[in-house]
Amino acid sequence: MAGSIEIQGLTKSFGSFRAVDDVSFVAEDGKVTALLGPSGSGKSTALRMIAGLERPDSGRITIAGEDQTQTSVQERRVGFVFQHYALFRHMTVHQNVEFGLRVRKEDKDDRRARVLELLELVHMAPFAERYPDQLSGGQRQRVALARALAPRPKVLLLDEPFGALDAKVRRDLRQWLDELHREIGVTSLLVTHDQEEALELANQIVVMHEGKVEQVGSPSEVYDHPATPFVAGFVGSSNVLRGQVVGGEVHLGSFALPGADHLEEGKPAAAFIRPHDVRVAGEDGDVKAVIERVASLGWLSRLTLRLESGEVLVAHVPNEDLHGATEGDRIAVDLRNPKAFLAPEHELERETEASPDVAAR
Amino acid sequence: MSAIAREPGGPSMSEEDITRLRDRDARRGRVVRGVMLGVSLLYVGVLLLAPLAGIVLYALRAGIGTISSTFQLSDVQHAFTLTFEIMLVTVVVTTFFGVVVALVLARDEFPGKSLVSALVNLPLAISPVVVGLMAVLLFGRGGWFEPFFAARGIRIMFALPSMIIVTIFISIPFVIREVVPVLEELGMEEEQAAWTLGASRLQTFFRITLRNIRWGLLYGIALSAARAIGEVGAVLIVSGLLQGQTETATLYILRAFDQYQDQQGYIVALTLAAFSIVLLIGIETFKRRRTSRTA
């Protein structure tokens with residue numbers, strides 16, 4: 001059931017709107033690849049084209065070595081999981097899972113065995129005779145997954161599979177999907193706007209923005225070495241400090257941050273700093289700040305710091321590093337691993353927010 | 001029934017349901033509600049139930065003998081057969097084309113869609129008598145299509161074909177009007193899911209789409225059938241009123257009263273009414289089913 005997905009120059013317009021613009025990437029055999037981006041970034045349209053539910057204007061789609069650009073959705077043999085489950089409402093759980101085997105005219109005993117095997121796999125065996133409206137959202141999505149897997153698809157495509165579920169169920173199901181994938185190892189392409197989901201589930205992340213691919217890389221590459229300001233701002237949360245390139249550094253008034261060697265001298269630049277890369281320093285720290293607010297996140301505290309230049313910085317600091325400092329106190333901090341990019345674009349306006357992955361734990 | 005939670009984390013009463021109940025509570029005071037309820041019951045009772053009771057009374061007063069002799073009249077038997085034939089053809093045609101048109105209206109975008117959408121309702125707005133006249137203009141002596149059929153010896157006017165044509169025309173809207181909103185509410189995801197699972201378009205239509213629209217479709221069919229049975233205005237004009245030939249049950253009733261055979265008229269009328277009530281029960285059942293299990 002293995003097979004990679006290769007996408008080359010995929011393009012699709014709706015009227016004058018370019019939904020997907022020259023997208024290329026490879027989803028490797030047996031791995032989970034996430035298409036990550038905000039809504040309207042074209043990730044769902046790309047996925048639907050791979051499934052055959054939409055027709056590309058140009059580009060090529062290769063699944064398991066075969067060119068599938070012109071084939072029908074039925075011929076592609078992909079498993080597709082919809083955000084809103086799309087279970088057949090007039091069929092029981094068992095009948096839903098059996099559907100793909102039925103229309104392919106598989107032997108009755110084989111069908112039965114396969115359905116039972118899958119219901120076992122998704123822990124839905126006790127609910128086989130229920131109808132979809134008698135199930136919770138998480139249960140419905142597990143049935144949808146079993147249904148998609150039943151005909152042994154070459155690849156599994158998931159369109160925001162947890163998007164309609166509440167936070168708790170979403171986390172449980174995500175973990176469960178991770179384990180399931182380790183067990184069955186089918187090539188999976190997951191569309192999501194949730195960076196935490198992508199980081200946790202995927203072996204590879206394709207970050208999309210306004211129809212284009214911004215970066216393709218492993219979760220740590222995308223997180224630690226963002227290729228563009230958009231990726232730096234979208235994947236994980238970041239503080240954005242604006243300054244100017246002087247001698248390979250970004251100058252920010254009273255201090256400068258390194259890492260701007262590749263940028264043109266004298267140009268306006270922005271430095272992205274993760275909240276956990278803000279460390280409390282001793283008296284000799286370069287950057288002086290006033291603590292405006294302290295919010296406890298358990299063993300961590302989220303500090304809202306105001307720099308002397310007036311800019312606001314969010315920091316995630318282990319409580320023990322604070323040494324009792326509290327709101328109103330002055331402290332010195334080090335800013336580690338800054339990522340410098342040229343020219344403030346409109347994405348840079350996004351101010352940093354509480355990082356959901358830290359807040360949730 | 002599907003609105004009640006069955007398990008923790010299961011589907012609960014939807015926000016819509018709660019809002020509706022809350023609105024019902026808040027809507028109006030007790031007195032106003034009582035008055036409106038009274039008016040409604042009176043209105044329905046006087047205008048609907050009283051005439052029905054009248055027919056039942058007059059028809060049954062004749063006694064079993066007259067009733068059975070009425071049904072043995074060849075004109076009466078022929079009239080019912082004709083009505084049934086017209087209804088059957090009408091239902092088959094309006095169902096098939098109704099579903100096709102509904103699929104197009106619900107799923108496709110094309111220029112002039114809203115015009116087509118409005119045109120579908122035209123038969124509801126035009127008096128059946130006018131529909132009959134239009135048919136005369138097309139198929140009658142000197143009509144556009146008359147030479148074509150006359151040359152082939154096919155009789156349209158004052159014969160079954162024209163009666164069927166006008167009845168179909170009048171019954172066009174029902175299936176379309178009932179099926180389009182159901183299709184729109186369903187969306188296409190289930191169908192797309194079926195495609196990804198390997199089902200062909202035809203398999204998908206019969207196994208998924210048709211199953212999902214079936215109650216709405218049956219509701220539309222029942223309305224269509226009821227309309228076809230009750231039709232009199234258009235059929236009156238195109239039939240030529242040939243006794244024992246182009247006389248439907250409704251036309252028989254008209255003639256019976258014209259010729260002071262009130263008794264037979266009432267009996268045939270009651271039979272038609274009874275059939276309509278059976279359809280109505282069907283309609284209500286379908287309507288209720290249509291709205292359940294769509295969550």
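Two strands count as paired if DSSP finds at least two bridges between them. I kept that rule beside me while going through this predicted model.

**Entry 1: a strand pair in chain A**

I began with β16 (residues 287-297) and β17 (residues 300-307) of chain A. Eight bridges join these two strands, and they run antiparallel, so the pair clears the cut-off of at least two bridges.

**Entry 2**

Next I looked up which strands sit together here. I found an open sheet of five strands in chain A, in the order β15-β19-β16-β17-β18, paired antiparallel. Which strands stand at the edges? They are β15 (278-281) and β18 (312-318) of chain A; each has a single partner strand, so one side of each has no neighbour in the sheet. From one strand to the next, I noted an average twist of 50 degrees.

A reminder to myself for looking at such strands: in a regular strand, side chains alternate between the two faces of the sheet.

**Entry 3: another five-stranded sheet**

Chain A also gave me an open sheet of five strands with the order β13-β12-β11-β14-β20, and here too the pairing is antiparallel. At its edges I found β13 (255-257) and β20 (339-342) of chain A, which have a single partner strand each and therefore one side without a neighbour in the sheet. On average, and ignoring direction, neighbouring strands of this sheet are turned by 40 degrees against each other.

I then checked the end of the sheet where β13(A) lies. Its pairing with β12 (residues 249-252) of chain A is antiparallel and covers three bridges. Opposite A:Leu257 in β13(A) I found A:Val250.

**Entry 4: a hairpin**

I moved on to β9 (residues 204-209) and β10 (residues 212-217) of chain A, which pair in the antiparallel sense over five bridges. A:Ile205 stands opposite A:Gly217 of β10(A). How many residues lie between the two strands of this hairpin? I got two, and A:Glu210 in the turn has a positive phi of about 50 degrees.

**Entry 5: where chain A meets chain B**

For the contact I listed 31 residues from chain A and 28 residues from chain B. The two chains bury about 2,700 Å² between them, with 54% of it on carbon and sulfur atoms.

B:Glu190 forms it with A:Arg89, and the closest N and O atoms are 2.6 Å apart. I also counted six residue pairs in polar contact across the interface.

On the side of chain A that touches chain B, α2 (73-76), β6 (78-81), α3 (93-103) and α5 (137-149) each supply at least two residues. I sorted the residues of that side into 15 nonpolar, seven polar and nine charged.

**Entry 6: a salt bridge within chain A**

Over all chains, the structure holds 21 salt bridges. I followed one of them, between A:Glu160 and A:Lys43, where the closest N and O atoms are 3.7 Å apart. A:Glu160 lies in the loop between β7 (155-159) and α6 (167-184) of chain A, while A:Lys43 lies in helix α1 (residues 43-51) of chain A, so the pair ties together parts 117 residues apart in sequence.

Notes: Residues are numbered from 1 along each chain as its sequence is written. Chains are lettered from A and ligands numbered from 1 in the order in which they are written. This is a predicted model: local features need pLDDT of at least 70, side-chain atom pairs count only at pLDDT 80 or more; totals for chains, interfaces and linings use all residues. Side-chain values use heavy atoms; hydrogens and water are left out. Contact means heavy atoms within 4.5 Å. Buried area is the accessible area (1.4 Å probe) that two parts lose on being put together, summed over both. A salt bridge is a side-chain nitrogen of Lys or Arg within 4 Å of a carboxyl oxygen of Asp or Glu. A polar contact is a pair of N or O atoms within 3.5 Å; within protein, one must be able to donate a hydrogen and the other to accept it, and residues adjacent in sequence count only if both atoms are side-chain atoms. Helices (H or I, at least four residues) and strands (E, at least two) are DSSP runs, numbered from the N terminus. Ala, Val, Leu, Ile, Met, Phe, Trp, Tyr, Cys and Pro count as nonpolar, Asp, Glu, Lys and Arg as charged, and the others, Gly among them, as polar. Axes are lines fitted to C-alpha atoms, for helices over the stretch in contact, and angles run from 0 to 180 degrees between N-to-C directions.
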